[in-house]
Structure formats: structure tokens, C-alpha cells
Amino acid sequence: MKSPLRSLEPSPEKNTATPDHILLRVVRQLVEALLFEGLIPYQFVDGVFNFRIGSNHYRACGRIAGFGRVRLDATTLIRIKNDVETPLKLSEIVNALPGSSQAKATLLQELEQTLRLCHWNEEQLQPIDSRHHLSCGALESALFEGHPYHPCFKARTGFSLNDHQRYGPEAGHSFQLQWLAIERRYLQQTWPQDNDANFWQQELGLATWIQLQHGIAEFGADWSQYSLMPIHPWQWMQLKNTLLVDPIQQRHILPLGAVGDRYQATQSVRTLINRDHPERAQIKVPLNMVNTSSLRTLEPHGIISAPHLSTWLQRII
């Protein structure tokens, strides 16, 4: 399925920027962060930054913006060796930083994945002339620039290019969630309504609710023993042959398959909009991937407290 927002085929009318502009952006945001966070000392005189990373000398034009933010002109960023300008090397910058070899290897992988996914976006997606009047779901797909400060703004570790196309917000594709029935003794739940059955029936609709009930019954179980948990299809593929093997074999978890409405990723990737019924709740599911250097799982205490906070906020509103 192609995105309604832009074609997945290369466009002949597409604006062709210089091949290195994505690399320049990644290097610029990396260096800006290093200078602003104080990892690398620098001299700033008459609009020019001079600094050293390892044994290499770098220079760039720029400015000190609000809150002390360092803002560089990427086109002026150069490496100077023996008084001669030489090409920038991302790996050379990372390897010269303080820190363990493992930390630097991880950072370099995230930066390279950011470059890979950004190049895919540029080659495959057609930008929109104006985003001012887009709906919420369409806007989530149209905002493909990524974080303006963090250098690993498209890392999504573990995502292949196919995963990026299917589950990232940029292509605007939709997909069904996988559903698990979890034995109640292993499940903590907090609900905005009287019980989970009322919530799920209202949120999923009667047809999906009945389908999931039948799925549980096919395992010879019933609702008194199990409750439902959605899981992102990418997360399911990561876990079904590893951490979930024993719980499934012991029937603590019953896999019910892909059922119900189709969802679309937002900018956070793990928060999903219901494409079939936009009036229904958005859903946030954990993903074992790192984006902007944060593991995108969900903390149990946050899940349990969220309905209470939502109810409190709704009363205030």
C-alpha cells in the first residue's frame, strides 16, 4: 500500500540536493552537541569556532544562540591537517571522542543508521509543498525531518529498511497489532472503567472483541483466566522466538494473531493512531529499539499510573 501523502517511487521532478548534505547535517548536529554539552572545549572569535577532537583541528563559522546553543554553518565545517583542509570523516570524529570503545561503537552505529534511513526517505518519499492544513495523522507522516538537535535523530536500531518503510511514520503505512492473551496472575492492569472487559469491548468494537474471545476459547481457556495485551508486529517478530518461547509453551501467554483495526505510527514510532477509527484511543506500545539514544520500551510504573493521571487531567479540563 502506498502512502496517500507521497509516492514511494523516485520522482523525476524531485529537488536534488548535494549528495553529502545528509552527512553534513549529521556531523553538524553531532559537533554542535559536543560543543554545547561541554565535551569538547572550543574558542569562538568573530563568528568562527576552533576546536580539537583528538589530534585533529576543526573550524566552522557559526553563532551562539539562545540558552547558549551552538549553531554551526555545516558548509563551513572543515578539518585541518598540516595546514591543509581535508575531508570530514564521521568515524574519525567518533573514535577520537572520550569514552569506552563499546560506547563509541554504539554511537557510530546509531549515526550510520540515521544516515541510512535519511537517505531512504530522500530517495523514496516525495515532500509535500505545504503541511499547514493536514490532519493529525497526515501531519505525523509528513514530518520526516527528525529531531533538530540530537545527532542520532533517525537511529531506530534494529529496524531494517523494510521495517522503516512498514512501521516508520514517514511512509504512512498502516498495520494490524498482534494480540496476546496473558494469564491474569502475571498481569498488572489499571482501567479507566469498571473492568477490562468493558474497556476492551468499547475500544475494539464488538466484532474484534468476539474474534479475540473465540481465539482464547480455541486454546481451551476463558476470560476468567486471561486478559488481553496488544503487541507491535515488529516487537512480536523480535520476541516470539526468544523471550516468549517458554511462556507460550507453558500457556502463560496465548498468541491470538493479528486482529482488529489498522494503526499508523506517529513521530514517536511506538505511539500509534487508529487509522480505521481515528476517534478511538491512540495506543503506545514498547519497542526494543533505540531512537535518539533512548530505549523505547515502557516502564511498568508509568503504565500503571497513566490511567489515574489521565482521569485527573480530564477532571481538570
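Reply: Leu-313 lies in helix H10 (helices, H or I of at least four residues, and strands, E of at least two, are DSSP runs numbered from the N terminus). The model is predicted, so local features need pLDDT of at least 70 and side-chain atom pairs count only at pLDDT 80 or more, while totals for chains, interfaces and linings use all residues. Residues are numbered from 1 along each chain as its sequence is written, and side-chain values use heavy atoms, with hydrogens and water left out.

Helix H10 covers residues 300-316, and its 17 residues reach 25 Å from the first C-alpha to the last, close to the 24 Å expected (1.5 Å times one less than the number of residues). Leu-313 is partly exposed, because its relative accessible area is 43% (buried is under 20%, exposed over 50%, partly exposed in between, with a 1.4 Å probe and protein chains only). Together with Leu-309, Trp-312, Ile-316 and Ile-317, Leu-313 makes a nonpolar surface patch of about 580 Å² (residues with over 30% relative accessible area and no salt bridge, nonpolar side chains being joined within 5 Å).

Turning to the salt bridges (a side-chain nitrogen of Lys or Arg within 4 Å of a carboxyl oxygen of Asp or Glu), the count comes to eight. One of them joins Arg-28 to Glu-32, with the closest N and O atoms 3.2 Å apart; the two are separated by about one helical turn, because they stand four residues apart in helix H1, residues 21-36. Arg-28 counts as buried at 17% relative accessibility, and Glu-32 counts as buried at 1%.

Glu-170 and Lys-154 also meet in a salt bridge, at 2.6 Å from N to O. Glu-170 lies in the loop between helix H5 and strand E7, and Lys-154 in the loop between helix H4 and H5, so this pair ties together parts 16 residues apart in sequence.

Asp-196 forms a salt bridge with Arg-184, the closest N and O atoms lying 2.9 Å apart. This pair links distant parts of the chain, Asp-196 being in helix H6 and Arg-184 in the loop between E7 and H6, twelve residues apart. Asp-196 is buried, with a relative accessible area of 7%, whereas Arg-184 is partly exposed at 26%.

Notes: Patches are made of residues with over 30% relative accessible area and no salt bridge: like charges are joined within 9 Å, nonpolar side chains (Val, Leu, Ile, Met, Phe, Trp, Tyr) within 5 Å. Accessible areas come from the Shrake-Rupley method with a 1.4 Å probe; for residues, only the protein chains shown count as cover.
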